[in-house]
Amino acid sequence: MLAKRIIPCLDVLDGKVVKGVNFINLKEIGDPVDHGAWYSEQGADELVYLDITATHEKRKLLAGLVRRIAENINIPFTVGGGVNHLQDAEALLSAGADKISVNSAVLMNPALIDQIAKSFGSQFLVVAIDAKYADGRWVVYRNGGRIATDRELFEWASEVWMRGAGEILFTSMDHDGVKTGYACKELAMISDMLPIPVIASGGAGTPEHFLEVFTKGKADAALAASVFHYNEISIPELKNYLKNNNITVRI
Amino acid sequence: MENNIVIIKYNAGNIRSVDFALRRLGISAEVTGDPDKIRAASKVIFPGVGEASSTMAHLRRQGLDIVILNLTQPVLGICLGMQLMCKYSEEGETDCLGIFDTGVLKFTKGKVPHMGWNALEGLSGGLFEKVNEGTYVYYVHSFFVPENPHTIASSFYSTRFSAAMQHDNFFATQFHPEKSGSYGELILKNFISL
């Protein structure tokens, strides 16, 4: 049986891991490779590194960091935040990234999804979608949740799949950072609607939230940041809890 | 004889990851597409993530298909490498190397690609020395090899499929040992020790 995946997410700023709430109030908490290695030992199934650096040196810095991660980490990892063009994707692939995650860049240029999927395969491409509920619809946001687009969540999720996304990482901005559980209803709708894996993000606060997102939310993987960074939930304990509740996990 | 490991370089992704995994084990390997170096190696690793028809065409243009077929030392195909060692792939309707007398089919049920950690069952042979039944390994693939007489480990994803195969000196895994944590590293180490 295919196991449900537990994925710690590490936000990276200027080469350091940072964490904030609802995309703001960032705090530095350590080295990306050390953190990744520790999570791998704890039983994390994959890692997501999201680079939020906005300087000109970003591209060079990120390729160097990705190479260092690939050399040292023995589980798959996804890199997000550095891809605006096909060449960026290629640079991350050759630095050793297993997958890349794209978000704002494909909202502005959806054809980039087709290009990346055709060049490097769908398995290499995660499309991240940030959305917020307002006036009866789920509005997709770009630029780290700062700019609302005219896209609707479910339509956009279908489009990215049709264009060749290998996985969808859905973050409910309403749930992110507030630790009251994932957006299970919407996640289940996306999971039922599309034949590709769905990674749930935003809202994890307790082990029950993970159980809920794998049952009610029908997610294939669950991503979280602060509950792991601040040791509020230990990955081995979480996996044992899930296993005892009949969820297939890798222990 | 001293171990002289070669990783075959061709137009497929994920070659560097295998090299990094070996380095973590303290093993140095040469990544090369040079037929003489491949033939002279004590162990050969044939990795790959990519599309079957274009990679197979590339191997033929480079003459690497004949080189691989005639190797007598232990060879380990990984993921696409394993699929290219079969007779035929539904991906791009491709005639492959034919080392394993079986075809490669597309998953028609469940979410595709089959991506993530799945359990190994029915383990046999030296590749799985000290690896327990039920060990989880990492997969990313949309095509699979059904169980067949070459199968030395299986996993289940809507159907039981070959997680690993062996025929004489040719070994292959559908999963990625280089991304499968410490057990993946153990499987790579077992191959190097064969």
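B:Pro113 sits in the loop that runs between β7 (100–106) and β8 (114–119) of chain B; helices (H or I, at least four residues) and strands (E, at least two) are DSSP runs, numbered from the N terminus. The peptide bond joining B:Val112 to B:Pro113 is cis, with omega about 5°. Another backbone feature is found in chain A, where A:Asn246 has a positive phi near 65° although this residue is not glycine. A:Asn246 belongs to the segment after α10 (235–244) of chain A. Most residues other than glycine have a negative phi, and most peptide bonds are trans.

The model is predicted: local features need pLDDT of at least 70 and side-chain atom pairs count only at pLDDT 80 or more, while totals for chains, interfaces and linings use all residues. Residues are numbered from 1 along each chain as its sequence is written, chains are lettered from A and ligands numbered from 1 in the order in which they are written, and side-chain values use heavy atoms, with hydrogens and water left out.

Next comes the interface. Chain A contributes 34 residues to the contact (heavy atoms within 4.5 Å) and chain B contributes 27 residues. About 2400 Å² is buried between the two chains, with 55% of this area coming from carbon and sulfur atoms; buried area is the accessible area (1.4 Å probe) that two parts lose on being put together, summed over both.

Two salt bridges are counted between chain A and chain B, a salt bridge being a side-chain nitrogen of Lys or Arg within 4 Å of a carboxyl oxygen of Asp or Glu. In a salt bridge between B:Lys179 and A:Asp98, the closest N and O atoms are 2.9 Å apart. On the side of chain A that touches chain B, α2 (58–72) and α3 (86–95) of chain A each supply at least two residues. The largest share comes from α2(A), with four residues.

How do α2(A) and α1 (residues 15–24) of chain B pack, and at what angle? Their axes are 8 Å apart and the angle is about 55°; axes are lines fitted to C-alpha atoms, for helices over the stretch in contact, and angles run from 0 to 180 degrees between N-to-C directions. The two helices, α2(A) and α1(B), are therefore oblique to each other, since angles under 35 degrees count as roughly parallel, over 145 as roughly antiparallel, 65 to 115 as roughly perpendicular and the rest as oblique. From α2(A) the contact uses A:Arg67, A:Ala70, A:Glu71 and A:Asn72, and from α1(B) it uses B:Arg16, B:Phe20, B:Arg23 and B:Arg24.

A:Arg67 and A:Glu71 also form a salt bridge with each other, at 3.0 Å from N to O. Both lie in helix α2 of chain A, four residues apart, about one turn of the helix.
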